[in-house]
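Please look through the model below before reading the points that follow.

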Amino acid sequence: MAAQGDYGVSNQLAGSDPYEEALGVLSSLILRRTRGEFNLMFDYVKILGLEEDLSKMNIIHVAGTKGKGSTCAFTESILRNYGFRTGLLTSPHLIDVRERFRLDGVDISVEKFLAYFWWCYKRFQEGTNDETQMPSYFHFLTMLGFKIFAGEKVDVAIVEVGLGGKYDSTNVVQKPVVCGFSSLGYDHVEFLGDTLDKIAGMKAGIFKLGVPAFTVPQPNEAMRVLEEKASELDVNLNVVQPLNKRLLGGQKLSLAGEHQYLNAGLAVSLAYTWLQQSSNLEIPSLNQMTTLPEPFIKGLATASLQGRAQVIRDPYIEHVAPGNLVFYLDGAHSPESMEACAKWFSLAVMGDGQSESMKSLVSGSPRAYEERKLEKWSGESCQQILLFNCMSVRDPHLLFPHLRNTCAKYGVEFKKALFVPNMSISHKVGRNALLENNDSSVDLSWQYTLQEVWESLVGEENGGKKTHLNDGMSEVFLSLPLAIKWLRDSVINQSCSPTRIQKNLLGEQIDMAAQGDYGASKQNAGGDLYQEALVALSSLTMKRDKGEQFEFVLDYLKILDLEEDIAKLKVIHVTGTKGKGSTCTFTESILRNYGFRTGLLTSPHLIDVRERFRLDGVDISEEKFLAYFWWCYNRLKEGTNEETTMPSYFRFLTLLGFKIFSAEEVDVVILEVGLGGRIDFTNVVKKPVVCGFSSLGYDHMEILGDTLAKIAGEKAGIFKLGVPAFTVPQLNEAMCVLEEKASALDVNLKVVQPLNKRLLDGQKLGLDGEHQYLNAGLAVSLAYTWLQQSGNLEIPSLNQMTTLPEPFIKGLVTARLQGRAQVIPDPYIEHAAPGNLVFYLDGAHTPESIEACVKWFSLAVKENGQSESLEYFVKGPSQDCEERKPGETCHRILLFNCMSVRDPHLIFSHLRNASAKYGVDFKKALFVPYMSMSHTVGMNALLEKNDDSSVDLSWQYKLQEVWESLVGEEEEDGGEKSEVISSLPLAIKWLRDIVVDQNSSSTRFQVLVTGSLQLVGDVLKLVTK
């Protein structure tokens, strides 16, 4: 087994289309993150010989949070209408990278792009080195823009800041003609700061000594900072108001929305100042004008900008049902811009979206629009649909209320909300191509978070009542093409009725095309039976049961005839935030060693879904899995309908587990809660024998609540009347809730302490780490109570024991759980350099569990990973790195990913503090995306390239930024502190190549893999035989 391909994004094949080849090379720069990037910009200017060109270029520099792109578009259009040769540099692009470079209002041609691209790229290749590395993606494009404008000898370059200002690559400009600031707000807080004054300070970085500047009105906090920074640099900073409509002489702005008059006012001031400073034209003072000069009016009335207040009728549907599917596109992604977008959309749909570039929007009150809509659409039904995605660094709790409240103000209500992942970050999609994009391996965790937030808001607005819509108030789609196909099919299926679908696309840039089924891709007919079952199972990952539709439970149980079987099962039910999987594993092992037939249901799985179902300590066989799977799947298919739909992924697996355990006639079922407790699907069990609570903490707060009391209340939902329960010591806030809920249900709740090591009679736990003694103590109490309650054996009281009975000890010592404190020497490297690449895997993903993980890792690496519980991996005496041969060194590497709903500031702080406490120093941190959610990888297969440039790495870059901010300016030893790698196989290959390259220097690499059980599972798939 090996991973193939470069570390970066894949290059295009030789002999392919020259433009595609250039895009392939450009995409290879996406992964580059070099230290001190802004300072390197001046080196890049020298490499390209642009010092003189830049100093002579007449530049208008514009920063801001929202509206800066529109401001630039207006400004360019005005000056172009004065007859000047214009260059416009903006970001991001929506469809084609050439959109970023406009010459005289038109995207640069392919021919010119290629000529300038290769000229810059080849000089960078020749002029860069280890000290001055190739520029990253955005920095390269900025330098390319300046080269284009210099080469084309533009009269004026309008340059939009990419991010912030102070350290933005466009700030290599030292003497612009004038600077502008559009509206400032909260965005990119992870880079710019978490207060408005910090953000304003970063934006103010574009001020230059004595260069005039203009700003729209700003919040006081931001304005104070701008004024202070302007004063320090002798900048004449003027505040401009929204453009007075009378100045347009009866015309309208080409960009729709009331907020555009603010951007237009700024653009007029910037263009006017540039004309005064850089041209020989004489124009009257703005204050003296009753109408603007003709070039100003024409420029403002004809400016264009894709993806801002843009209306597109779906061409696929138009010939069949004209006007029945219309897309309203706006890239709003901040709370304030979301409000402006919602207002525009509301007014636009009231006018049926039939305007020329939205210029003819009718003015008036929301009520007037409602009356016009009713008049125009008499006999027609209109449905407004929201199609949404945003970057995971944004806060949907802020975005959605602004969107919903503004729409409600204008009488618009979304019939349904669709949440989809982005198709790409840089990939160019052929518009007429039929796309297949239904890969079940895509990570939809962020989309499900968006859905949860959306539905919680809808629920609150409906007084907590469930809203019954056709197929639910929202849905997560596996891909954008599938969502588009769903919309088109809906229109075609309803074409006999006068129904129009108006779709608002929000959140970020979105590519559009469609083909494929709604679910995950199906295997070819006649394929492997097990793979066929996995595909059928993966089709359920898209299903999300709305709200708390727990009433479906009884329907599912009736369909599968499981009511009586479940009532007979002797269940141990365990919940918690951390340690519940280990507790269940210990408990099962103890009871199995007493000779009982055991069933263990846990989640998630790491490599194969069959891990979730253990019979007598062994994963269920493929044969049995297939028999039970299809029995359940087929009956549910036959028994469900539009009212009672097929269960979602986790619910199906829970039902499958109950079917397996009842049919296999197990003596005991150890049942791990999936999420929470109260409305978790495992809570269908009405009378367990005993319940357990492992450590509670903050996790899944978007679902369980944002306080420990709320989380504990959800977990306490597994309490049953009179059923005994045990808990490990909890924080006071959580314990108070547990005790209160237990008392209300006459539950005898007892607190158990960590297992006393003497009770093991000199043995050690099968699961490594000091924290496991707490889980073991809980497991002993659960197993002991089950034995007592089931009346099978007579055993002495725990308080009277000096050592545990033999089955207890054997169960605790032999318990095994993949992905928890697990050590694996890399088999690919082991034969060539034994012990030189070792993976230390732990699925810790909360602040507390991360601390425990680091403590274990620190002890394990000091013993070189050869702890007694892992003796079957490496034989021989343990040996500390420092005790090895002279000249040998050990490098600790962190390989990390976590779900985007988690707070990396919290996790990394705990990780680094624990590392410092236990003397562990990470040489480098690698951040990678997940390989899959449900896709299985053949372990012995050679992995093909996994370096698709379409993968969204924004979350990994966020993790990197947080990590490096905590690392700070610690002394470096020639390498980077961290790196984002586009896929896990490439990260593994990178590690293996380093080990092979450095084999002669005898350097050992010890890699801690943590942050997520999913990441641990992906690593296991790649490195185990």
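**Notes on the model**

1. Asp761, at 53% relative accessibility, counts as exposed (exposed is over 50% relative accessible area, buried under 20%, and partly exposed in between, with a 1.4 Å probe and protein chains only). Asp761 is not a glycine, yet it has a positive phi of about 55 degrees. The residue is found in the loop between β22 (749–751) and α27 (772–790); helices (H or I, at least four residues) and strands (E, at least two) are DSSP runs numbered from the N terminus.

2. On the basis of these notes: the model is predicted, local features need pLDDT of at least 70, side-chain atom pairs count only at pLDDT 80 or more, and totals for chains, interfaces and linings use all residues. Residues are numbered from 1 along each chain as its sequence is written, and side-chain values use heavy atoms, with hydrogens and water left out.

3. Ala309 also has a positive phi, about 50 degrees, although it is not a glycine. Its loop runs between α11 (294–302) and β9 (310–313). At 8% relative accessibility, Ala309 counts as buried.

4. Overall, the protein chain has 34 helices and 28 strands. Of its 1025 residues, 59% are buried. Among contacts (heavy atoms within 4.5 Å) with a separation of 6 or more, 78% are between residues 24 or more positions apart.

5. The largest nonpolar core has 76 residues, and Phe140 and Leu144 touch the most other members. A nonpolar core here is a set of buried Ala, Val, Leu, Ile, Met, Phe, Trp, Tyr and Cys residues joined through side-chain atoms within 4.5 Å. Helix α6 (residues 137–151) supplies the largest share of this core, 9 residues. Leaving aside neighbours within four places in sequence, Leu144 is in contact with Phe101, Phe113, Tyr116, Phe117 and Cys120. A second, separate core holds 53 residues, including Leu329, Ala348, Trp454 and Val491. In soluble globular proteins, nonpolar side chains tend to be buried together.

6. Helix α15 (residues 396–409) packs against helix α16 (residues 445–461) at an angle of about 45 degrees, with the axes 10 Å apart. Axes are lines fitted to C-alpha atoms, for helices over the stretch in contact, and angles run from 0 to 180 degrees between N-to-C directions. The two helices α15 and α16 are therefore oblique to each other (under 35 degrees counts as roughly parallel, over 145 as roughly antiparallel, 65 to 115 as roughly perpendicular, and the rest as oblique). On the α15 side the contact includes Phe400 and Leu403, and on the α16 side Trp454 and Leu457 are among the residues involved. By class, this contact has 10 nonpolar, 1 polar and 2 charged residues (Ala, Val, Leu, Ile, Met, Phe, Trp, Tyr, Cys and Pro count as nonpolar, Asp, Glu, Lys and Arg as charged, and the others, Gly among them, as polar).

7. Helices α30 (residues 847–862) and α31 (residues 904–917) cross at roughly 25 degrees, and their axes come within 8 Å. They are therefore roughly parallel to each other. Pro847, Ile850, Glu851 and Val854 of α30 meet Leu906, Ile907, His910, Leu911, Ala914 and Ser915 of α31. That contact has 7 nonpolar, 2 polar and 1 charged residues.

8. One runs from Ser91 to Pro92, with omega near -10 degrees, and Pro92 is in the loop between β2 (86–89) and β3 (101–103). Another joins Ser603 and Pro604, with omega about -5 degrees; Pro604 lies in the loop between β16 (598–601) and β17 (613–615).
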